[in-house]
Amino acid sequence: MKKGKSSDSKQVLKVRRFIYNETTAGYIFALPFIIGFLGFTIVPIVSSFYYSFTDYSLIDKKSWVGLDNYVKLMGDKRFWNSVYVTFKYVITSVPLKLIFALFIAMIMTRKTRLTGFYRSLYYVPSLIGGSIAVTLVWKELFSRRGLINQMLGMLGIDRVSWFGDQRMALIPLILLTVWQFGSSMIIFAAGLKQIPTTYYEAAKIDGANRIKSFFKITLPCLSPVILYNLVMQTISAFMTFTQAFVITSGGPNDATNFYALYMYNNAFTYRNMGYASAMSWIMLVVISIVTLVIFKSSKYWVFSEADK
Amino acid sequence: MVYPVLWMITGSLKNNTEILNGALSLIPPNWRWDNFVRGWKGFGGVTFATFFRNSFMITIISTFATVISSACIAYSFARLRYRGRKFMFTMMIMTMLLPGQVLLIPTYIIYNKLGLVPSVIPLILPHFLGQAFFIYQMMQFMAGIPRELDEAAFVDGCSRYSIFTRIIIPLLKPSIITTVIIQFYWKWDDFQGPLVYLSQPTSYTVSIALKLFADSTSTTDYGAMFSMSTLSLIPVFLIFLFFNRYLTEGISTSGLKG
């Protein structure tokens, strides 16, 4: 009887020691990540690779088609158009947004009594910019008789059919993206505050004007923050979907048929899961390359603390 | 800068001709509150009360789940020493850079196989497994909590678990508040998720309902659409008004060290 009890307590002690072990605790706390990483990252990525070699409509049985999807994609004019449109959109909207965000951030960080209130006000766009409500409003702003055309009219410029003209349709979408500059702006503002004012004072004594100190002090000191914003905004610009889906549905004549939208339509409208999976994989590879290029190039333009 | 927003808000009190003809003016000639009544009716016999309830439910559960799971994971990565930690941390950073659209289709296929489409589960479940952006942000914050506190608690007999609940969680509050706000916005505004995973009007969220409301009739009732759009932004504005200070601080610290 007694013996049994002591071996029981030994058992309990062992279990307790195991549970309270640092490694065990570490894995227990990390468990959600482990499950999520395997279930929601690894499995989907691997399975989409497999699906990209099949013909699969969700209802019929899938059949192995080898490289067919990829071969078809290479000959798909709408695919190449979506790549072209997306790149055009990324290349124009991301720099514009960052320049705009930096410009506003510099105004914001000047010490005035209104700064706090203004900063809140300027944050509004990015707060609600992604919402459907604003996207719908945007559509009306640029409609034929909308606000923008009336303003152009007052300047004596003819009405523009923003969403009817292939050359114009991308512009409202780019402007909406730029308008959502708030979060980049706040990150820039935080970065600007970190730059010691002594740098500027020293530059002033040495006779540098504002423009010179902007290029020689502000930009280099801010470069790590620029890198962060650039990478994050580039990735999210590549994935733009909602705006095009809601405002233009990809039209006119596919002028705003973003990659993510075309992929969505292939999967959920045409029920072509295999084809869409191949598109996902190409997107993954392309975005990885672009991100890698940005990181590699950062060696030449990002100044880390050690260099200063 | 905020003109489009003001235009929408005042537009919710105008009728179609007033919106389209006097586009520039902000002040509605007549305050037409009946826009809200017409808008609230929704479409297909489902009112906006249902859409708002669905949105609130999904958003609140997801936000709560994100906070708990991300805090646990951040604690594990930031405070505990064990084999495999560095590797997992690297993987987490990779997922942060991984474009979400890439996972959309395979994840949908998996849920579909599990018979979970259409349902709200795909919209909520991932949040119980941590969100990389918030884990990273919480880790940054934890780095600022002195390790001596953990050690003192450990000497006093606290386990790794009670250090988490008694020391880390209470001190993590500012970071938790930031997470709550940002996650709330993201989930409230989410469009593609509900678009893909919901198919019954009774389960639609506000964002889907707005889009369909705008499409539902051939001649859009702009006043009613703007009134519901305005309502849809109220929760976001309220949270912003209350927590504005935390938000700007939280984003700037998390972004800076990235």
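Here are some questions and answers about this predicted model.

Visitor: Which residues touch the most other members of the largest nonpolar core?
Guide: Good place to start! This core has 95 residues, and helix H4 (residues 77-109) of chain A supplies the largest share, 11 residues. The members that touch the most others are Ala133(A) and Leu210(B).

Visitor: Which residues of chain A is Leu210(B) in contact with, leaving aside its neighbours within four places in sequence?
Guide: Leaving those neighbours aside, Leu210(B) has contacts within chain B, namely Met228(B), Ser229(B) and Ser232(B).

Visitor: Which helix of chain B gives the most to the side that touches chain A?
Guide: Here, 67 residues of chain B are in contact with 67 residues of chain A. By class, the chain B side has 43 nonpolar, 18 polar and six charged residues. The top contributor, with 13 residues, is helix H14 (residues 222-256) of chain B.

Visitor: How does the span of helix H10 of chain B agree with what it should be?
Guide: Let's check it together. The helix has 12 residues (160-171), and the expected span is 1.5 Å times one less than that number. That should give 16 Å, and the end C-alpha atoms agree, being apart by 16 Å.

Visitor: Why are the buried residues of H10(B) on the same side?
Guide: The buried residues are Arg160(B), Ile163(B), Phe164(B) and Ile168(B). On the other side, Thr165(B) and Pro170(B) are exposed.

Definitions and conventions
Residues are numbered from 1 along each chain as its sequence is written. Chains are lettered from A and ligands numbered from 1 in the order in which they are written. This is a predicted model: local features need pLDDT of at least 70, side-chain atom pairs count only at pLDDT 80 or more; totals for chains, interfaces and linings use all residues. A nonpolar core is a set of buried Ala, Val, Leu, Ile, Met, Phe, Trp, Tyr and Cys residues joined through C-beta atoms within 7 Å. A residue is buried if 20 or more other C-beta atoms lie within 10 Å of its own, exposed if 12 or fewer, and partly exposed in between; C-beta atoms are placed from the backbone. Helices (H or I, at least four residues) and strands (E, at least two) are DSSP runs, numbered from the N terminus. Two residues are in contact if their C-beta atoms, placed from the backbone, lie within 7 Å. Ala, Val, Leu, Ile, Met, Phe, Trp, Tyr, Cys and Pro count as nonpolar, Asp, Glu, Lys and Arg as charged, and the others, Gly among them, as polar.
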